[in-house]
Each structure stands twice: as structure tokens, then as C-alpha cells.
Amino acid sequence: SQMSDREIELWEEKAKTGLLRGDSALNSIWDDLRSTIYAKPSGSDIGIYNIGITTSTSTEYGGQLVIDHSKLKEMINSDPESVRKLFTDSVDGVSTALNNAINRAARSSSANPGRLVALAGSSKSDTSSSLYKQMKAIDDTLTSLQDRYDSEYQRYWSQFNAMEQYIQQMNQQASWLTQQLGG
């Protein structure tokens, strides 16, 4: 109710684009996942792009994986072992590489946390995360500003009271002078 129509419009626009759009930590994780998927594993003769899995060129679906079913079926029929190894190899497979990338992003180990855990913390009581430190700094600033406000408020209130008393004295003196001159 306190926002203007224009502020509401801008907020809705921002909400539609996504509040986390352009976030550097998420973009970094996204780039890591994307490069992991598209990297040709060292122990494989093929990459996912060789079996018909590519990225959509449509701006509407930017970044989505698209499967060419006929090419995938052809690769599975002609070289099933390479396709299996591409995904399931315990050292170089896409599954292992993706698991490693996800761990780099979200590992909850306190000794070696993932990027998101280091940013947000592993629990509500985690005081070592970047977000906790930022929120603590903001809270400290707000406390300091509130103290300044209270101090300034008290100072102005004291000045106002002193002025009120002075005006009252002046009014009394003016009344006395009027009585002396008029009477």
C-alpha cells in the first residue's frame, strides 16, 4: 500500500526476470555445469554432442538441452559401449563429472564447502558464511543508525522543550509589560 503504481510495476518486472538473474555465484556454477556437460571426457571417444544432445538455439529456451532422438538411437545401436562409457565411467563419465561439479557448488562439508554453502552457510547457526557476514554488517549499520537517530531525536526534543520554556517565559514577560504599561 505504500508503493506507488510505478514502483509496483518495476517490482513486478524485476520479479518476472528473476531475482537471482545475473547473480555471479549462480552464473559461475551454471558455467561450470555447462562446461562439464560439453567437455569430452578424456577416457571417451565421444562427447554428448556426438550422440545428438545439443543446446537449443531458441532464445525462448536458451540453454536447454535438446535431444536428436534419431542420432541418439543411431549411436546407441552402432557403439553402445562408448555411449555407456560416456555417461557411466567412474573416472571420466559425464555422471561423475556432473557429480563433482555439483559438489563444488553445494558440498556441505565444513572443511571444504561448496560455493553455495560458503555463500549461504550450512545451517541457520552458521556464522562463517558470506551472507551471514553481510547481514551482520547490515544489522550493525542499522543499529548504529538507530542509535544516531535516537540521539538526534533526543537532542532536538531537548531543544524544542527549551524553546517552549523560553517562549513561555517571553509570553509571561510580555504579559507583565502589557499590564505595567496599560495599567
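These are my notebook entries on a predicted model of one protein chain.

**Ground rules**

I number residues from 1 along each chain as its sequence is written. Since the model is predicted, local features need pLDDT of at least 70 and side-chain atom pairs count only at pLDDT 80 or more, while totals for chains, interfaces and linings use all residues; side-chain values use heavy atoms, with hydrogens and water left out.

**Overall layout**

I started with the secondary structure and got seven helices and two strands. Helices here are DSSP runs of H or I with at least four residues, strands are runs of E with at least two, and numbering goes from the N terminus. Read from that end, the order is α-α-β-β-α-α-α-α-α.

Next I looked up burial. Of the 183 residues in the chain, 16% are buried (under 20% relative accessible area; exposed is over 50%, partly exposed in between, with a 1.4 Å probe and protein chains only). The accessible surface comes to about 14,100 Å², and carbon and sulfur atoms own 54% of that (Shrake-Rupley method, 1.4 Å probe; for residues, only the protein chains shown count as cover).

**The core**

Which residues make up the largest nonpolar core? I found ten: Ile37, Ile46, Ile48, Ile51, Ile53, Leu72, Met75, Val83, Leu86 and Val94. A nonpolar core is a set of buried Ala, Val, Leu, Ile, Met, Phe, Trp, Tyr and Cys residues joined through side-chain atoms within 4.5 Å. The elements giving two or more residues to this core are α3 (69-78) and α4 (80-88).

I then picked Ile46. Leaving out residues up to four places away in sequence, Ile46 touches Lys40, Pro41, Ile51, Met75, Ser82, Val83 and Leu86 (contact means heavy atoms within 4.5 Å).

**Helix α4**

The buried residues of α4 are Ser82, Val83 and Leu86. They sit on the same side of the helix, because they cover an arc of only 100° around the axis (taken from the directions from the helix axis to the C-beta atoms). Their cover includes α3 and α5 (94-106).

Ser82 counts as buried because its relative accessible area is 12%. Beyond residues up to four places away, Ser82 touches Ser44, Asp45 and Ile46.

**Helix α2**

Asp32 is in α2 (residues 24-38). Is Asp32 buried or exposed? I have it as buried, at 16% relative accessibility.

**Salt bridges**

How many salt bridges does the structure hold? I get six, each being a side-chain nitrogen of Lys or Arg within 4 Å of a carboxyl oxygen of Asp or Glu. Among them, Asp31 pairs with Arg34 at 3.4 Å, N to O. Arg84 pairs with Glu81 at 2.4 Å; these two are about one helical turn apart, because three residues separate them in α4. Asp140 pairs with Lys136 at 3.0 Å between the closest N and O atoms.

**A surface patch**

Last, I looked at a nonpolar patch made by Tyr149, Tyr153, Trp157, Phe160, Met163 and Ile167, with about 630 Å² of accessible area together. Patches take residues with over 30% relative accessible area and no salt bridge, joining like charges within 9 Å and nonpolar side chains (Val, Leu, Ile, Met, Phe, Trp, Tyr) within 5 Å. Met163 lies in α7 (residues 130-182) and is partly exposed at 42%.
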